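Here is a friendly note to read alongside the model. Please keep the structure open and follow the points one by one.

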Amino acid sequence: MASSIVEKFNSMEYGPAPEDASEVYRWLDAHSRTFGHYIDGAWTPMGVETKDAGFAAFPVKNPATGELLATVDSAGPIEVDRAVKAARAALPGWQALTGHQRARYLYALARQVQKHARRLAVLETLDNGKSIRESRDIDIPLVARHFYHHAGWAQLLDTEFPGYAPVGVVGQIIPWNFPLLILAWKVAPALAAGCTVVLKPAEYTPLTALALAEIAGEIGLPRGVFNVVNGDGRTGAAIVEHPGIDKIAFTGSTEVGRIIRKATANSSKKLSLELGGKSPFIVFDDADLDSAVEGLVDGIWLNQGQVCCAGSRLLVQERVAERLYDKIRARMRTLRIGSSLDKAIDIGAIVDQVQYDRIAALVRTGIAEGATCYQPEVTMPERGLFFKPTLLTGVAPGATVAQEEIFGPVLVSMTFRTPAEAVELANNTTYGLAASIWSENVNVALDVAAQVKAGVVWVNAINLFDAACGFGGYRESGYGREGGKEGMYEYLEPTWLRGESNAVPAAALPEPEAPGDDVAHAPEDFGIDRTVKQYIGGKQARPDSGYSYRVYGRDGHLVGTAPLGNRKDIRNAVEAARAAGKWAKTTAHGRAQVLYFLAENLAQRSAEIVAKLAAFTGSEQAAVELDQSIERTFAYAAWADKFEGTIHNPPARMVTLAMKEAVGVIGILAPDETPLLSLLSLILPAIAVGNTVVAVPSQRAATLMGDLYQVFDTSDLPGGVVNLVSGRADELGRTLAEHDDVDAIWSFRDEASAAMVKAASIGNLKQVFTHHGRAIDWFDPAQAEGRWFLRHATQVKNIWVPYGE
Ligand code: NAI
């Protein structure tokens, strides 16, 4: 008897369990299976001029069957312009609403998404090819959750974000892998903040965005607040380039992220980029291997592996590697691949032939580069874009498949021996989006979580998302966060930055001598008693060029000479800053102590410093500036141990630790005005939270750095935490922006300088923090001190930790 039950169990087969799609077909038919754009609350077809310019309506197909679902118009610059104008016109009215009124709209959207959940899930599955189980259980519930959560932020906007204003009109460009979910996590915070939106869905998957536009109309969302334009990269580019857009929020490939960074460099458009990943899935030898295998099913086979944070790189501790591989292969044999509408399948269809071919080509490259490929003998559908789950073992860390995002159901694996080696391998990528760590030892798991360079870390779990927990990457995975309070800041700006400035005009200093080869003099040549040098690695250093340039006071008299730094000096300074990285690991209390000591030493040398500063600013301002500098130093000593993280309680048996981590090495370009206070106002927040910096002081007042480094030297500031290099500020700024070992640039010179560093920093996609050359009152703590700076000095890492049995 017993054996026959086992036999039956083993021979049991799933029957097909297709979801009913008739409601979706009715909806498509009601639209005659053709869609225009949703602009200013109305369906708008593409214009003749757009057709003449080479834009064409495009087919939207079900990748599981090849069936044509609908034909969708493309938007050219004309439609984009119309949508931007509608969003601009809607902005004042939308912003004039109270937070509560906006909350009601967001709440209504959440309710409607729930009401239409079945239709939206089926539509998403037909359009994208993902399994109905995923769109029904993951995507659509999370869409509703995002609108609910952000209804809350709209309600609390005034109390939780005082001093901030909405950015304005936002252009949002999204990919095809989670079409409605990514839409929700972009649109919900934008609307909550008081922005209006022009959104472009991906050309493979526009249908749920159009369905949501229709829902927005049904709930009476004021027209123009949410607009949808369809099309491919050209339409995206028209949004990016439109001067009426205040911010671009993009999710997609790193390659297009770079294009957008470059295209927006010459503007003050705010930018957030959520790009690719090659996220490690780290299994220690004490892990529960069966759970880890199930984690992999969610990690790399969820959505056919077309997930930016997929656990695509398996790093397994050597001792258990073969055992784990056996278990993975056994599990792979039980994965069901088939009709996306079948409720009992695990793996659906790849979104498009182009992506399918790309995955196949990368697998071939992996094999050619020496990997062993395993694909299970599973039943495959006869037609449609289905790709077998694939395991590549024996992959070298430098292999193409270990470095490039495959964006398919392909797991690559390598082994490690020690936790240190695991961290090294995990970080051996240009990306930094996510990581999953499997160990029964919480000490090891959290220790590794802290060291992995990733915006999201899951302990004994993977691919969990929640609207309250920020999501976003480090390094070439982009910048900015979506979800949580940090995500709201992406759609807000300090109010003062938008309004008329009450800043003190920059002190008019004479141009420093244009340094050139003809001034090959050493500072001593002038018979001036002060010889200012560069400050690198805690030591005074002569400039590599051997040259200095003359610096004049505001009445035109020669104040001294400053070293003429060059690329080599910057490179040395960056190396010193990187080597001083353990500053981030000192306790916050320890950093505060150093800053207090620094303030004390500034006070002690005040007479001397005021006298020097007076040459540039006049003695009255100099005294105030020094006082204010001491106060600012105290402020950041205070902040050092108070700018802390948060704990989220997502709706799962998890806590999410939102840790604020230092960005790394920050390059600072300081302005000319209030030269001491502005320089310190930029250096201090950066180092208070553990960054190390390479700062380029005002070219016109660079001799001041001589006083500063003497203060640093006597304040127990470890060598390399602050490095000072003077010279032609833009040239040095460009070198910093191009340097791949610099993580962020703070550009507080003029607008042209900000544009230059943005364009030059596309290499490693470093973050650029700038006030776009707008006047800033460095004396006013509301503008020049506090959270705005500290937020840019940190990035949030969300670590998900399970609890309970
Ligand atoms: P993509 O980055 O080209 O497309 C994403 C979105 O950007 C789409 O809406 C597209 O129309 C738009 N776009 C394309 N070129 C643009 C431009 N010049 N200016 C403005 N918008 C533009 O990604 P694609 O080609 O669909 O996929 C290629 C690879 O990118 C994938 O294999 C995967 O590796 C990666 N990818 C990563 C995603 C992620 O979530 N991190 C999402 C989608 C793709």
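1. What volume does the largest cavity have? About 70 Å³. A cavity is a set of points, on a 1 Å grid over the protein atoms alone, where a 1.4 Å probe fits but cannot get out; its volume is the space filled by probe spheres set on points joined across faces, edges and corners. By this rule there are eight cavities of 30 Å³ or more.

2. A word on the source: this is a predicted model, where local features need pLDDT of at least 70, side-chain atom pairs count only at pLDDT 80 or more, and totals for chains, interfaces and linings use all residues. Residues are numbered from 1 along each chain as its sequence is written, and side-chain values use heavy atoms, leaving out hydrogens and water.

3. Look next at the lining of the largest cavity (residues with an atom within 4 Å of a point). Among them are G277, I300, C308, E405 and F407.

4. Now find the open sheet: ten strands, with mixed pairing, run in the order β14-β15-β16-β13-β12-β17-β18-β32-β26-β25. Strands are DSSP runs of E, at least two residues, and helices are runs of H or I, at least four, numbered from the N terminus; two strands pair if DSSP finds at least two bridges between them. The edge strands, β14 (372-374) and β25 (646-648), each pair on one side only.

5. Zoom in on β18 (456-459) and β32 (794-802), which pair in the parallel sense over three bridges. Here W458 stands opposite W800 in β32.

Methods. On a 1 Å grid over the protein atoms alone, a cavity is a set of points where a 1.4 Å probe fits but cannot get out, and a pocket is an open set with protein on both sides within 12 Å along at least five of seven lines; lining residues have an atom within 4 Å of a point.
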